[in-house]
Amino acid sequence: MAVSATAVLFSSLLCFVALTQIVAQTQNRAAPAPPSDSCNGVFVSYQYTDGRRLPPDLRSDLANQPYRFQSSIFLLNNDLVELQSWRVFVGFQHNEYLVSASNAVLTNGTSVPASVGGGAVFAGYPNPDLQTGIQTAGDLTQMSVRVDLVGTQFGVAPPAVPMPANISLLNDGWICPRPLMQGNSTMQVCCRRDPNFNSTVSLGNDFLPRQTGDLTIMYDVIRTYESSYWARVTIENHNPLGRLDNWELSWDWMEDEFIYAMRGAYPSVIDVSQCVHGVQGQFYQGLDFSNALNCERRPTLMDLPLAATNNTNVGRIPYCCRNGTILPPWMDPSRARSSFEINVYKMPPNLNRSLLTPPQNWAIQGRLNPDYVCGPPVRVSPSLFPDPSDLLPDSAAISSWQVVCNITRPAHSSPRCCVSFSAYFNESIIPCQTCACGCPANNGQTCSATAPALLLPSQALLIPFENRSNLVRAWGNLHRFAVPNPPPCGDNCGVNINWHLFTDYSNGWSARFTIFNWESEAFPDWFTAVELDRAAPGFQAVYSFNGSLMNNVHSNTIVMQGRPGLNYLIGESNTSNPGTQQSVISFSKRLTRGINVAAGDGFPSRVYFNGEECSLPTFIPSSSYKLASPDSLSFIVLFIAALIYLQQ
């Protein structure tokens, strides 16, 4: 049946009217709110924006092909409380190498550029805090921050997107769920306050509480002027097994500052050339830079020797001038800290006595000491300094920042001391491991860095490794030990320690502890610590050292230090004899029933020298082997006793 033209026209008109209504309804409907608006906490996002292939072209090794990446981190504080000193973790997972980051620094003290392939924590700089919408009437410039990142990643070719494994807010008292993906280039998470967290920060408090750590550093501004200020830096050790010798402190100036004067410490290099030829010299044209000390962006500062303590020009600072030695508190509380003062000149636009910015990316290290990782400086309540005369009230710093450093063992790092094991029931000594403290990259094929260390006769401990070859080879042939070719490399440790199981009887046992210093420099006020998992409660006495059993978290650890007159471990002599200290340690079995001394309970699970954890052998002496020769044991004991006597 034919359809009339009128009917077709009428149907078309109805369709047009319906379509018009649909379009009108769509236009009147509000656009969906962005995810950040629905977050009543702290909104965190990571967005990948761009990337491209970088040279060289590794078509045969695509997993290591480098690519440029550009991305950004965005934080928005929608909570009722100010977010102070924000910290965000980004779980990089493509061997990323960060080249630049705006408005943030890395919290481990590393300067950018830096490798961040295992993940990185960012902290805000120069503005570390995010205020609330209530405090700012919704001003997003004060409530939020955007961190732009540029770097290199490996193996992820566009159009694939090299996203991190995770993002999270790390501030105490905040909980972040698993982040969600928006498309393939944006990761988002809404973090909220933990209702069970007991915060010590009250509303309206401008300062975060001071934190605890293995080592803390205070940066206290004590005098300030329009273009410069004086700050007191105080380093304090809180770890009973931590220590620093000949400490070196470094940081990054972020605003072109430079060091004009110091008291209590000194830069490792006096160099003002960067100021003379840089923006500092252009601005301070009337300043005599010959009197300045250092203009490096990352200076290294060192303690002064004891002789400078009462020097009116560079000394006279409380706790200064200790030759870089900071001891554990149990050894001497008055020597567990070090302090110095520094005169800093500022640059525009910070020429105001109230505009004060601490340096960033702090790092500290010692000679043969633990490795420390330092966080960013955090603004805390002004420090109080007691009046030297005790007649006037305490004086407060103008501004104070705290840096917290904790002991860590960096990946792929080597110890700097090692331990050998021996026992009365076995002739051979189990030496330090091959390359225990590292091996040179090119040893000329004269030794093997992977072959296990060879068992030694007792007298070999007193002979430098390079002179042991014939003795070790003869010992191996005598006892039919396999001697590889090439032989194993040495331990390359400056300090060796021998733990010898001396006696074992029904009611007690004893060990002999010997320290060998093969370095050229001495160790004044040395200390060592031995961790015994099961046998420590039976500790009785150390006969040639001062020794005691630690309490609290280290209750299974014995600490020892030299007695007055024996607390100076000399270095290797010109006759190739090591500096040596030795003592016998006695134990009772009354409180440790059931221990098996020879089977392992009589050997330490950890040994520390001056705070550095030493490398231990992977096995202990076997009691199934024949007894050690009394003559050889007597020889080694008498020889070491003679060495110690001559070193006094």
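I began with Y266, which stands opposite M302 in β18. The model I am reading is a predicted one. I then looked up how the strands around this pair are joined: β17 and strand β18 (residues 300-303) run antiparallel and are linked by 3 bridges.

Next I traced the sheet they belong to. I found an open sheet of 4 strands, ordered β17-β18-β15-β20, with antiparallel pairing. I noted β17 (265-267) and β20 (360-365) as the edge strands, since each pairs on one side only. From one strand to the next, I read an average twist of 25°.

I turned to another sheet. I found 4 strands here, in the order β5-β7-β3-β9, forming an open sheet with antiparallel pairing. Its edge strands are β5 (104-106) and β9 (167-169), and each pairs on one side only. I read an average twist of 30° between one strand and the next. I reminded myself that strands of a sheet pair through backbone hydrogen bonds, either parallel or antiparallel.

Strand β3 (residues 87-90) pairs with β9 in the antiparallel sense over 3 bridges. I looked up V90 and found that its bridge partner in β9 is I167.

Last, I looked at S144, which lies in strand β8 (residues 144-154). Is S144 buried or exposed? I put it down as buried, because its relative accessibility is 16% and the cut-off for buried is under 20%. Its side chain reaches the backbone oxygen of L140 at 2.6 Å. Leaving aside neighbours within four places in sequence, I listed F74, L75, L76 and L130 as the contacts of S144.

Key: Residues numbered from 1 in each chain as written. Predicted model: local features only at pLDDT ≥ 70, side-chain atom pairs only at ≥ 80, totals over all residues. Heavy atoms only, no water. Helix = DSSP H or I, 4+ residues; strand = E, 2+ residues; numbered from the N terminus. Buried < 20%, exposed > 50% of the residue type's maximum accessible area, 1.4 Å probe, protein only. Polar contact = N/O pair within 3.5 Å; in protein donor to acceptor, adjacent residues only side chain to side chain. Contact = heavy atoms within 4.5 Å. Pairing = 2+ DSSP bridges. Axes fitted to C-alpha atoms, helices over the stretch in contact; angles between N-to-C directions.
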